[in-house]
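Have the sequence and the model open beside you as you read.

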Amino acid sequence: MTKAIRIHEHGGPEVLKWEDVEVGEPGPDEVLVRHTAIGLNFVDTYHRTGQMKHPVTFPMILGVQGVGVVEATGPDAGSLKTGDRVSYSGLQGSYSEVRLAHADRLIVLPDDISDELAAAAFLRTLTAEYLLRRLHKVEPGETILVHAAAGGAGQIICQWAKALGAVVIGTVGSDEKAELVKGLGVDHAIIYTRNDFAEKVMEITGGRGVPVVYDSVGRDTFMGSLDCLSPMGHAINYGTASGQVELFPLQNLHKKSLTVTRPTLATYIASREDLEKASDTVFGVLRDGTVKVDISRRYALADTAQAHADLESRNTTGAMILEP
């Protein structure tokens, strides 16, 4: 027997239960992983509440990102072997001490990337990689808008975009967060709680708008994000911290020939080749200091309910991890 955080129904943090679970032996293309650190990501709250509307079988172990050590391998597990340090993103069930995982979704960690850093940064930096380098390739001199700039993903996107030569505008909720993101290289920090961010963006850009908005907030910001765009601009909604974007007429995009995208990381790392290439890029920017990750809070795995409550308060900054 081992311990895991499971839910038996959708709901608030109170539905997260610390329970005994059985973990079998690894089958074909599987390995047994003992977690050393677990990523805590906002997408986990979507799975808990049912916002994703995916088919679910209860009880369900939450979490999609983890780091650990391979303890056993099944047939056809490729080159993985006992003792390998591995990281993964996108495999449901990371809120556990021990788990079975598909070998082809695991990446062996380089010696100079710590377990904690990988748990805090792997999913978020993979997300930044496809957002900045593939979905909309940020070019030197381009001005971009990043919502929730002080959050775990926002900090990484802002740092990486700045290293690519972009002028970065970031929205935050307080003066303290504004100072934080300025320290990460954000050129203009807009406090959305007391400013109309669309008006400020237009003021900053001399009325031109920005070619791309990275929006992880959703309902509260997305329509304003459209107002921030320049002609032929790209609105990227990659998260819904405030709820799903409400329906709007497609004709609203016509005047400026705007493009709207709702991408997922899973699509961009679906193939093994894409996963490996993106992972190599991620380890590179973590290694050379392009991206620095602040682990702001650590929670015992048993205290995941409190971690979720803190995450949803939107008063946190940086990355948060769970410790088995």
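Two strands pair if DSSP finds at least two bridges between them. Helices (H or I, at least four residues) and strands (E, at least two) are DSSP runs, numbered from the N terminus. This is a predicted model, in which local features need pLDDT of at least 70 and side-chain atom pairs count only at pLDDT 80 or more, while totals for chains, interfaces and linings use all residues. Residues are numbered from 1 along each chain as its sequence is written, and side-chain values use heavy atoms, without hydrogens and water.

**The sheet.** Strand β1 (residues 2-7) pairs with β4 in the antiparallel sense over 2 bridges; Arg6 has Ile61 of β4 as its bridge partner. The open sheet has 3 strands in the order β2-β1-β4, with antiparallel pairing. β2 (17-21) and β4 (60-61) are at the edges with a single partner strand each, so one side of each has no neighbour in the sheet.

**Two helices.** Helix α2 (residues 115-135) and helix α3 (residues 152-163) pack with axes 9 Å apart, at an angle of about 45 degrees. Axes are lines fitted to C-alpha atoms, for helices over the stretch in contact, and angles run from 0 to 180 degrees between N-to-C directions. The contact (heavy atoms within 4.5 Å) is made by these residues:

| Helix | Contact residues |
|---|---|
| α2 | Arg124, Thr125, Ala128, Glu129, Leu131, Leu132, Arg133 |
| α3 | Gly152, Ala153, Ile156, Ile157, Trp160, Ala161 |

**A buried helix face.** In helix α1 (residues 42-49), Asp44, Thr45, Tyr46, His47 and Arg48 are buried (under 20% relative accessible area, 1.4 Å probe, protein chains only). These buried residues pack against β1, β3 (30-40), β4 and α9 (304-312). Gly50 follows α1 and has a positive phi, near 90 degrees.

Notes:
Buried < 20%, exposed > 50% of the residue type's maximum accessible area, 1.4 Å probe, protein only.
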